[in-house]
Amino acid sequence: MAPHRHPKDPGHPRQPRRPRTALVAALLGAAVGTVALTGGPVRPVTPAADAPAPDGPATGVPAGAPRLRAAGAPPTVYAHRGASSAAPENTLVSDEVARRAGAEWIEDDVQPSRDGVPYVLHDDTVDRTTNGTGRIRDLTAAQLDALDAGSWFAPAYAGTRLPTLAAQLEDLRTRGGRLLLEVKGPHTRDQVARIVREVREHGMTDRVFVQSFEVDALRLTRELAPELPLGLLRATLDPDPVATARDLGLAAYNPSDDALATRPGVLQDLHAAGVAVNVWTVDQPARWQALAAAGVDGIITNRPAELAGWYTAWSASGVAR
Ligand code: G3P
Ligand code: CA
């Protein structure tokens with residue numbers, strides 16, 4: 001089965017995008033200076049104020065669970081593939097831009113190489129976001145390590161590497177932040193076990209939240225690593241999302257914006273069951289406002305700096321939830 005693709009997904013910056021604001025330009029400049037990820041005044045991201053859910057999630061509260069949003073608190077900002085509107089997606093530099101923008105959570109996708117090494121990549125091929133060609137699952141780690149994953153976005157990012165999951169976990173561990181890790185596409189038990197092993201070896205079990213469209217991958221993760229919180233990605237809603245959440249032991253149910261709009265009432269149903277709701281992939285202020293007012297717990301966006309700034313301004317206006 002091919003990895004999930006949502007036809008309306010706006011989260012694929014097919015063309016390199018240029019900064020449109022002074023803020024993003026400043027962030028971009030900072031990021032260019034950190035391609036090697038050495039030095040630089042990195043502001044550590046404060047560990048989440050992960051207040052336990054009022055009623056508890058469907059099955060316990062894993063240490064790194066996404067939080068249910070408290071009244072008056074902003075929705076959690078999830079930087080989709082890092083700050084993918086300002087830097088090449090799913091790279092350490094994109095993560096750094098998001099981090100400097102204040103995003104505590106970074107969303108990235110993980111898939112295995114031919115020889116079983118988990119890498120951070122969204123598409124099933126390397127064609128769009130590197131200078132190589134071919135399916136990631138047909139390429140070895142040595143072949144993937146030789147790719148340039150930045151030039152496609154802008155010349156300033158030439159030499160950016162395709163990160164392994166291990167490199168990304170180490171980067172987050174040392175520089176700050178939490179990881180919304182999407183297990184992309186079908187995974188075998190061994191492939192999930194490798195992901196779990198790496199998360200544990202890097203001491204990141206309390207800072208990783210696993211999500212997937214793949215129910216089987218979530219079941220395997222739950223079996224192999226019950227300490228990891230789980231989120232189910234959905235492009236269309238389940239008939240009974242609460243029942244699905246209970247069945248899978250979800251801490252979060254993560255629908256697309258379009259999917260949630262078909263039955264907005266499921267938000268209250270899931271909250272009543274102690275399940276957080278994080279919506280993807282939302283880049284427009286009008287939608288941020290609608291979702292924040294509705295009470296979603298998190299927003300997954302390609303524009304984390306703008307979302308964080310927008311919320312600050314909106315809440316200062318006195319109309320925030
Ligand atoms: O985190 C939600 C989002 O990443 C799901 O879609 O295709 O961007 O992985 P996609
Ligand atoms: Ca993803």
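The crossing of helix 5 with helix 6 is right-handed. I start there and then work back through the other helix pairs, ending at the ligand. Keep in mind throughout that this is a predicted model.

So, helix 5 covers residues 189-201 and helix 6 covers residues 215-224. Their axes come within 10 Å, and the crossing angle is roughly 50 degrees. Angles under 35 degrees count as roughly parallel and 65 to 115 as roughly perpendicular. Helix 5 and helix 6 are therefore oblique to each other. On the helix 5 side, the contact is made by R189, V192, A193, V196 and R200. Helix 6 brings A217, L220, T221, E223 and L224. By class, the residues of this contact are six nonpolar, one polar and three charged.

Next, helix 4 against helix 5. Here the packing angle is about 25 degrees, and the axes are 10 Å apart. The two helices are therefore roughly parallel to each other. Helix 4 passes helix 5 in a right-handed crossing. From helix 4, the residues in contact are L165, A166 and L169; these meet I195, E198 and V199 in helix 5. The class count for helix 4 with helix 5 is five nonpolar, no polar and one charged.

The crossing of helix 2 past helix 4 is right-handed. What does each side contribute to the contact between helix 2 and helix 4? Helix 2 supplies L92, D95, E96, R99 and R100. Facing them in helix 4 are A167, Q168, D171, L172 and R175. Sorted by class, the contact of helix 2 with helix 4 has three nonpolar residues, one polar and six charged.

Now the ligand. How many residues surround ligand 1? There are 13, and the closest are H80, R81, E107, H122 and K184. For H80, a polar side-chain atom lies 2.8 Å from an oxygen atom of ligand 1. For E107, an N or O atom in the side chain is 2.7 Å from an oxygen atom of ligand 1. For E182, a polar side-chain atom lies 2.8 Å from an oxygen atom of ligand 1.

Definitions and conventions: Residues are numbered from 1 along each chain as its sequence is written. Chains are lettered from A and ligands numbered from 1 in the order in which they are written. This is a predicted model: local features need pLDDT of at least 70, side-chain atom pairs count only at pLDDT 80 or more; totals for chains, interfaces and linings use all residues. Side-chain values use heavy atoms; hydrogens and water are left out. A crossing is left-handed if the near helix is turned anticlockwise from the far one by less than a right angle, and right-handed if clockwise. Helices (H or I, at least four residues) and strands (E, at least two) are DSSP runs, numbered from the N terminus. Contact means heavy atoms within 4.5 Å. Ala, Val, Leu, Ile, Met, Phe, Trp, Tyr, Cys and Pro count as nonpolar, Asp, Glu, Lys and Arg as charged, and the others, Gly among them, as polar. A residue is near a molecule or strand if one of its heavy atoms lies within 4 Å of it. A polar contact is a pair of N or O atoms within 3.5 Å; within protein, one must be able to donate a hydrogen and the other to accept it, and residues adjacent in sequence count only if both atoms are side-chain atoms. Axes are lines fitted to C-alpha atoms, for helices over the stretch in contact, and angles run from 0 to 180 degrees between N-to-C directions. Angles under 35 degrees count as roughly parallel, over 145 as roughly antiparallel, 65 to 115 as roughly perpendicular and the rest as oblique.
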